[in-house]
Structures are given as C-alpha cells and as structure tokens.
Amino acid sequence: MSNINLRVEEGEALLITGPSGCGKSTLARILMGLIPHSYPGELEGEAYVFGMNVKETPVSRIATCCGMVFQNPENQLFTFSVEDDVAFGPENLALPPDEINRRIDEALRLVGIEHLRHSSPNNLSGGEQQKAAIASILAMQPSLIVFDEPTSMLDPSSSASLIQRIFDLKKSIEETGRRTTIIIVEHRIDLLLKHISRMVVVSDGSIILDGDPMRVLEESFKRSIPINIPPPLQIYFRIKDRCGLKNPPGTVKELIASLGVGE
Amino acid sequence: MVEIVVENLYFKYPEASDYVLKNINLRIGEGESVAILGENGAGKTTLAKNLNGLLKPVEGSVKIDGVDTRSLSVAKMARRIGFVNHNPEHQFFAETVEDEVRFGLRNFGFPEEEIERSVQEALGSFGLEEYRRKNPFQLSGGEKKRLAIASIMVWHPEALIIDEPTIGMDYAQRLNIQGILRNLVSENRSIIVITHDVDFAANICRRAIVLSRGEIIGDGVLRKLLSDRELVERASLKKPFLVELEEELGLSGLEENFDGLSSILTRFFQKCRS
C-alpha cells in the first residue's frame, strides 16, 4: 500500500472493495494493529483507531474495542467447541459469567447457529465455520468491527440474512446511545448497497475512489474498474441517459419496472 | 475420460451420529459440467470428496469407470480427477508459488522439460507470473485461490472438482476462471463446481445437483431447476440474474443452454414486435 489517507467517522458503515490483491485485507489489518505488530513489513505514516496509535498500542488493547472477522475462519477458531470460541472474547474482557452466557446466546442466534453450540469447529462446513467466527466477534460487542469478506462461504440466503442482522444489531446498539462503526471488505457489493453509507475502492495499493456508494459505482463502471457491480446497475449505468432513468434499481424487478417493460 | 457412478451412498464422519449424506444416487458422464448447489452444511463438499475417493462411503458405492473407490488409491485417482479445495491454504506446502505449481507434475513423473513449460503456462494463465518466487502464504485471498486452481489444472486432469472457485475473486478474475473452465468443458473434460455463486454456475454448468440436509432434492438442467421457486428457497439459493431477467421480461420456455444478456434482450424485442 502507498500513501493511504482515510478518515472513518464513528458510526459509519464503510465498504472497502477493489480487485483481488489490491491491498484491502492489508488495510484492514493496519486498522486493527495486526500490522505492524503481527505481520512483518514496513509501515510508514500513522494510523489511529479511537485515538490509539496502532504502532504504539498493543493489539490486545486495540482488541478491547475493535473486532476483526478474518477472511479465513479457520485462522480464528481454535477451541474444541463453538461455545468456547464464542465465549473466549467476552471471557478475556473479564465479563461476569451471566453476561458471557447471554452474549453467547445472542451471538449464536444472530448468525443462526444455536444448534451448533456444542459442535467442534473442526467438524463444521466452511459456511458454518464462517458464522461461528462472526459470532465470536459479535459477542464482544466491539465499537468497531472490521469484516474481511464475511459472506464468502455462505449460501445466498444466509449471506443476505446475516448482513441484515449485522446492520439490525448496529441499529439496536445505536438506539441505546452507543455507536458502532462497521468496515466491510467485500467483493459482493449487491448484498451491502442498501446498508452502507460510503464506499472506498482500492487498486494497486492506493485508494482510487471514496464517497457515496452509487457515485463510486458509476465511476467504477465508466472507468472499467474490475469490481463486482451488480448486474441491474450495470444495465442502468449503460442506458440511464438514453432512457431517461432517474433512480438506480436495487433488483431486476425494479430495473424492469423503471424501463416500463415486462409482463 | 471419466465416468463417476454413485449408488445408494451414505456417509458420516467418524464418531458423528448423523449421516451427512443420505441415499445419494447419481451418474456424472464424460464431459459433463455439473454444479453442486445447496445451503451451508448441506453436504456439498463431503459429496465432492466422495466423488474423488478422498472420503469413502460408509454404505453404498462410488465407482470411477466401474471401479469402486475403496479399491483405488487417492494418488491414482488424483491424477485423473483433480480436486481444488475451498480453502487454498489446505493445499499449500511448497515455499514458492512456482514450486507449488511444479509439485504435482514432479510427483506424477512428468519430464523436466515439460514441467517447466507447463509451469510457465499455468503461471501466465492465472496471472501469477510476478509472484513466482513468493511464499504462497503471503499471497492475498484471491491470489491463493488462483494458485490452488493453477497447481491442479497444470497436469490437465480428465475431470476437475472445484470447491467454491469464486471466493475472493474480483470481476475480471471470475471471468478468467469462467473462460478457463468453459474451455475444459469444450475439451470434453468433466467439471464439477461446488458453489453458492449461481450466476457463475449458470455460465459454466448445464446440469445442477441440488442438495439439502444431505439429500438430493433436485438433479437436472440448471436453468430449469433454478426457475423452481420452491426448490430455490428450500436450498437457500437464489435465481441467476439472467433467469430472473428472463422471467421478469415474460420470456417463457427456458432453453437448456445458457445464453447471454444480448440474446435475452433480442428475444424480448422480437416478442414486443410480434
């Protein structure tokens, strides 16, 4: 990565996308302090998370308020049961046992794997492991959650419902007066469009676009940046001026309705 | 080329009480392109591992060209049926990208000259040339996935089982992998793709096998199966974009072969004119 300048406000929902290998996961690791503490390399400049300089703050300190769901869930699960994995974070925060149990229940319910509570993570499918990894971070209720491709192994229905639940959780936390910042690294933009307030495109280690999601997508389309623009939007961007379309469609149904065609 | 026949297959993992696969019957013929679809935990990867003998049936049988997988070594089958794991890290152990790609060819005793030519070709096809001396574990998620695929495809197995090929891939890379798999199909090789990416599957596979809770709930032409709302919901899938578009445009009579957006729009305008 080179010359990255980015400020994420508290409570924002930010999507980071870009071609594979462009540096998205590297950026996420810097935000968590995993770079420079756990990965070799050179880091110039400064990165602050809630005022903490990541170079000078131990990862264990940053982890008390920031959680990261890794791309590969196997890097995150290490105990002999899903319950123990989910309990590990709250236990390290020294929460009382009742509260830990309540959080385990809630986190497993949110990702829909209550039935796997006593299963060994090693015996789960890829998608189930991914849900367990997400639950183990949600149970810590961090103020900042960084998700690195959280739905890559999930079926379409689980992906959509998980993303919805994550943002429902964000909303319900905010109703109590706390704010939760969400940063998601993802290729599957269609799942996130209705939830995010801002989108950043990284390419070759630099931020090349940053702003309102729909504008960023249109600019990406014009510049043929290889990101997964949802197909209805690709059609919309292609014909909107010619056909006088005003509102970008979220679904195929909306696209057809806006064209005034179909059955 | 390879024919795989599965009869009354039941499978469960050691010490588990429940069967992961129940009463599976199917035949995958030479040159077929098949997508295995289904919800998380449906048994897709377990089925795939039974198809190339990495796992052996608890009951029933899996036969490759008429020979029971219980009597075949994994090494022998790997030469003919390549398997790309959903987690590429499970596949890596060499210290450099080029050694990882070279490993299979050396193991199978290919001549040195051919090995170097094939490695070069594979690194080029999968955009890995610039990383050839890098440690595989230092690659990004998408690059690891490409390396995992390249290191299997380099020896041109007669059939390829590929588990979640599009994870971590950007748009251009998905198209690249799609093109490579379509070429294999045109060479009459069998392709079995396990994926949640129905759009990707629809672009490559004519047939789909849909699993739910360890049982086959659908087996047939992919586009027809994925137009079945009940089946799609039961298996936690979604319709491919172009199938949805066809339906919304009122174009009935789904064709077996997948055609692209321009073909759908042409049919739509023809319908409007008539």
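Start by selecting Glu149(A): it counts as buried because it has 23 C-beta neighbours inside 10 Å (buried takes 20 or more other C-beta atoms within 10 Å of a residue's own, exposed 12 or fewer, partly exposed lies in between, and C-beta atoms are placed from the backbone). Before you click on, know that this is a predicted model, where local features need pLDDT of at least 70, side-chain atom pairs count only at pLDDT 80 or more, and totals for chains, interfaces and linings use all residues. Residues are numbered from 1 along each chain as its sequence is written, while chains are lettered from A and ligands numbered from 1 in the order in which they are written.

Stay on Glu149(A) and check its backbone: phi is positive, about 45°, although this is not a glycine. You're in the loop between β5 (144-148) and α7 (156-175) of chain A (helices are DSSP runs of H or I, at least four residues, strands are runs of E, at least two, and both are numbered from the N terminus).

Next, go to Ile35(A) and Pro36(A), which are joined by a cis peptide bond with omega about 20°. Pro36(A) sits in helix α2 (residues 34-37) of chain A.

Now hop over to Asp65(B), another non-glycine with a positive phi, near 50°. Look for it in the loop between β4 (59-64) and β5 (67-68) of chain B. Asp65(B) counts as partly exposed, because it has 13 C-beta neighbours inside 10 Å.

Last stop: show where the chains meet.
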